[in-house]
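Here is my note on the structure you sent over. Keep the picture open beside you and check each point as you read.

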Amino acid sequence: MRALSFRQALDDGHISFWLDGSKLHGGYALTRFRAGEGPGKRESWLLVKENDDRAGRRGTPDARRARSVRGGRTLKRVAAEEGAGR
């Protein structure tokens, strides 16, 4: 198996990579499952966490406790603020 550049792997529709951020850690794969060909069509991608030693066993995070790393806001607060601005 030959190594591809990030750009080539993205163009091919599948790329595997490692993240070590504030919330996301470990291996991930990004796969295009809808090409978005034609007028007004958008590409669709699926991000999947690899089953590695950084994979959590707790399931879906508690949305009431999940907060933005940058602003500290919850998703509920972001949605409320975005709705108020409309």
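1. Start with a term. Two strands pair if DSSP finds at least two bridges between them. Now apply it: β2 and β3 pair in the antiparallel sense, over six bridges. Keep in mind throughout that this is a predicted model.

2. Next, the overall layout. The protein has two helices and three strands. Read from the N terminus, its elements follow the order α-β-β-β-α.

3. How do the three strands line up in the sheet? They form an open sheet in the order β1-β2-β3, and the pairing is antiparallel. Strands β1 and β3 (44-49) are the edges, as each of them pairs on one side only. From one strand to the next, the twist averages 25 degrees.

4. Look at the β1 and β2 side. These two strands run antiparallel and are joined by seven bridges. A hairpin connects β1 to β2, and four residues make the link. S16 stands opposite A29 in β2. L19 stands opposite G26 in β2.

5. Which residue of β3 is the bridge partner of A29? It is V48.

6. The rings come next. A pair of aromatic rings is described by the distance of the centres and the angle of the planes. How many aromatic pairs does the structure hold? One. F17 and Y28 form this pair, with 6.4 Å from centre to centre and 20 degrees between the planes. The pair counts as stacked, because planes under 30 degrees apart fall in that class.

7. F17 lies in strand β1 (residues 14-20) and Y28 in strand β2 (residues 25-34). The two are 11 residues apart, and the pair links distant parts of the chain.

8. F17 has 25% relative accessibility, so it counts as partly exposed. Y28 has a relative accessible area of 7%, so it is buried. The cut-off for buried is under 20%.

9. Y28 has another neighbour to check. The charged end of K49 sits over the ring of Y28, 5.0 Å from the ring's centre.

10. Move on to A55. Where does it sit? A55 is in the loop between β3 and α2 (75-84). Its relative accessible area is 14%, so A55 is buried. Leaving out residues up to four places away in sequence, A55 touches K49 and E50. K49 is also the residue whose charged end sits over the ring of Y28. A55 and H25 are 30 residues apart in sequence, yet their C-alpha atoms are 7.9 Å apart in space.

11. R67 belongs to the loop between β3 and α2 too. R67 and R77 are 10 residues apart along the chain, and 9.6 Å separates their C-alpha atoms.

12. Finish with the totals. Of the 86 residues of the protein, 13% count as buried. Y28 is one of the buried residues, and A55 is another. The protein exposes about 7600 Å², with carbon and sulfur atoms supplying 52% of that area. Take the contacts between residues at least 6 apart in sequence: 20% of them join residues at least 24 apart.

Technical notes
Residues are numbered from 1 along each chain as its sequence is written. This is a predicted model: local features need pLDDT of at least 70, side-chain atom pairs count only at pLDDT 80 or more; totals for chains, interfaces and linings use all residues. Side-chain values use heavy atoms; hydrogens and water are left out. Buried means under 20% relative accessible area, exposed over 50%, partly exposed in between (1.4 Å probe, protein chains only). Contact means heavy atoms within 4.5 Å. Accessible areas come from the Shrake-Rupley method with a 1.4 Å probe; for residues, only the protein chains shown count as cover. Rings of Phe, Tyr and Trp (its six-membered ring) pair if their centres lie within 6.5 Å; planes under 30 degrees apart count as stacked, over 60 as edge-to-face and the rest as tilted. A charge sits over a ring if NZ of Lys or CZ of Arg is within 6 Å of the ring centre and within 35 degrees of the ring normal. Axes are lines fitted to C-alpha atoms, for helices over the stretch in contact, and angles run from 0 to 180 degrees between N-to-C directions.
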